[in-house]
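Here is a short report for a first look at a structure.

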Amino acid sequence: HDIAYLKLPAFDGDPAPDADDTSDGGGDGDEDGVPPPSVTAQFIAACRAHAKRTLGAQSHVAVFDARGGLGAAAYLVAAYMVTELRAPVHLALKAVADSHPPGIYDERLVRALQRLKTSTREAALGAPPSWAYPAGHPAAGTAARTLPPRPAA
């Protein structure tokens, strides 16, 4: 078996926004918990190269998140599905949630996906696990919900 390993650069984004954080995820990634475009592009390029190398063969990609399971890996997988496979955002989010519940539960990551591709459907936002946010954090204990579609520019 051919096994390839790619370590993507770390980024310092805060995975758990403060109560006064009004960011919509529109920055370069580092300050708002969203992987920077350069990291996303590296991941997508690696997946594209793997798909080309293994065309017609059964192959798998394993993604490990070293940020405490707060959604960066799930975001990268969904970003690949949206950009390369042309999956609608809501279906990419469902596929991620179905394979690794609760899916993406950080609104900034979902908003960033919606910016990658105009969405005409609501996007599901999973309920965060109990360990994701400290007690008293505004996002702690929130329920699953949907976000409205991103309007066409």
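## Terms and model

A salt bridge is a side-chain nitrogen of Lys or Arg within 4 Å of a carboxyl oxygen of Asp or Glu. Side chains of opposite charge can pair when their charged atoms come close.

This is a predicted model, where local features need pLDDT of at least 70, side-chain atom pairs count only at pLDDT 80 or more, and totals for chains, interfaces and linings use all residues. Residues are numbered from 1 along each chain as its sequence is written, and side-chain values use heavy atoms, with hydrogens and water left out.

## Salt bridges

The whole structure holds 4 salt bridges. One of them joins Arg-111 to Glu-107, with 3.4 Å between the closest N and O atoms. These two residues sit 4 apart in helix H4 (residues 107–116), so about one helical turn separates them. Helices (H or I, at least four residues) and strands (E, at least two) are DSSP runs, numbered from the N terminus.

How exposed are these residues? Buried means under 20% relative accessible area, exposed over 50%, and partly exposed in between (1.4 Å probe, protein chains only). Arg-111 is partly exposed at 22%. Glu-107 is partly exposed at 30%.

Another salt bridge pairs Arg-108 with Asp-106, at 2.6 Å from N to O. Arg-108 is buried, with a relative accessible area of 4%. Asp-106 is buried, with a relative accessible area of 4%.

## Helix H3

Lys-94 and Asp-98 also form a salt bridge, and their closest N and O atoms are 2.7 Å apart. Both lie in helix H3, 4 residues apart, so about one helical turn lies between them. Lys-94 is partly exposed, at 47% relative accessibility. Asp-98 counts as exposed, at 53%.

His-90 belongs to helix H3 too, which spans residues 89–99. Its relative accessibility is 18%, so His-90 counts as buried. Leaving out residues up to four places away in sequence, His-90 touches Arg-121 and Glu-122. Contact here means heavy atoms within 4.5 Å.

## The whole chain

What pattern does the protein chain follow along the sequence? The order is α-α-α-α-β-β, from 4 helices and 2 strands. Of the 153 residues in the protein chain, 37% are buried.

Among contacts with a separation of 6 or more, 63% link residues 24 or more positions apart. The accessible surface of the protein chain is about 9200 Å², and carbon and sulfur atoms hold 57% of that surface. Such areas come from the Shrake-Rupley method with a 1.4 Å probe; for residues, only the protein chains shown count as cover.
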